[in-house]
Amino acid sequence: PANQKAKDAAAKAEALADDIKSNKGKLPWPVRSFVITSPFGEHEHPLVPQIKISNNGVDLDILASKDIHPVHKGKVSRIITLPGSNATVIIRHGDVITVYSNLQQVYVKVDQEVDVYTNLGKVYTGDGLNSNILHFEIWSGEQKQNPESWLRKQ
């Protein structure tokens, strides 16, 4: 079964066009099994309705493998780790960038070419609210994008 999953993933990846923008609505998700816990844009806080949350991407609660993969081929542009925080990997795909935040381990380097098979790292799995949560963003130029409109339907 695992070999079949790899073949299925390969077939889907081969179906992607070279330009990320040509694949809008068809890109694979950065993780395989998840629940969206915070959608894109402004919305009410789940516990305190008077508070509005503005999310530049989506937050995914990862249910199975903690491995994170790029949604399209590209080049690692930056890896950022803020004190007291987990790592963020930024990948450039022409004038589109994708952002993968809350990584506990990072397996790639700046300027490395990546594709949908590359394991970028593992999401944070320690204590606290951010455990098992991947924050994922897509930017086209200076414009934040709703990742759900770029990624294939679940």
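Leaving aside neighbours within four places in sequence, Thr-88 is in contact with Arg-78, Ile-79, Ile-80, Val-99, Tyr-100 and Ser-101. The model is a predicted one.

Student: Is Thr-88 buried or exposed?
Tutor: Look at the relative accessible area, which is 15% for Thr-88. Buried means under 20%. Thr-88 is therefore buried.

Student: With which side chain does the side chain of Thr-88 make a polar contact?
Tutor: Ser-101 is on the contact list of Thr-88. The two side chains make a polar contact at 3.0 Å. The partner is Ser-101.

Student: How many aromatic pairs does a search of the whole structure find?
Tutor: One of them joins Trp-29 and Phe-34, with 4.6 Å centre to centre and 35° between the planes. Another joins Tyr-100 and Phe-136. The search finds 2.

Student: Why is the pair of Tyr-100 and Phe-136 called tilted?
Tutor: A ring pair is described by the distance of the centres and the angle of the planes. Planes under 30 degrees apart count as stacked, and over 60 as edge-to-face. Here the centres are 5.1 Å apart and the planes are at 50°, so the pair is tilted.

Student: How many residues apart are Tyr-100 and Phe-136?
Tutor: Tyr-100 is in strand β8, residues 96-106. Phe-136 is in strand β11, residues 133-140. The pair links distant parts of the chain, and the separation is 36 residues.

Student: Which residues have the most contacts inside the largest nonpolar core?
Tutor: This core has 28 residues. β4, β7, β8 and β11 each give two or more residues to it. Both Tyr-100 and Phe-136 are buried. The residues with the most contacts inside the core are Ile-68, Tyr-100, Leu-134 and Phe-136.

Notes
Residues numbered from 1 in each chain as written. Predicted model: local features only at pLDDT ≥ 70, side-chain atom pairs only at ≥ 80, totals over all residues. Heavy atoms only, no water. Phe/Tyr/Trp six-rings, centres within 6.5 Å; stacked < 30°, edge-to-face > 60°. Helix = DSSP H or I, 4+ residues; strand = E, 2+ residues; numbered from the N terminus. Buried < 20%, exposed > 50% of the residue type's maximum accessible area, 1.4 Å probe, protein only. Polar contact = N/O pair within 3.5 Å; in protein donor to acceptor, adjacent residues only side chain to side chain. Contact = heavy atoms within 4.5 Å. Core = buried A, V, L, I, M, F, W, Y, C linked by side-chain atoms within 4.5 Å.
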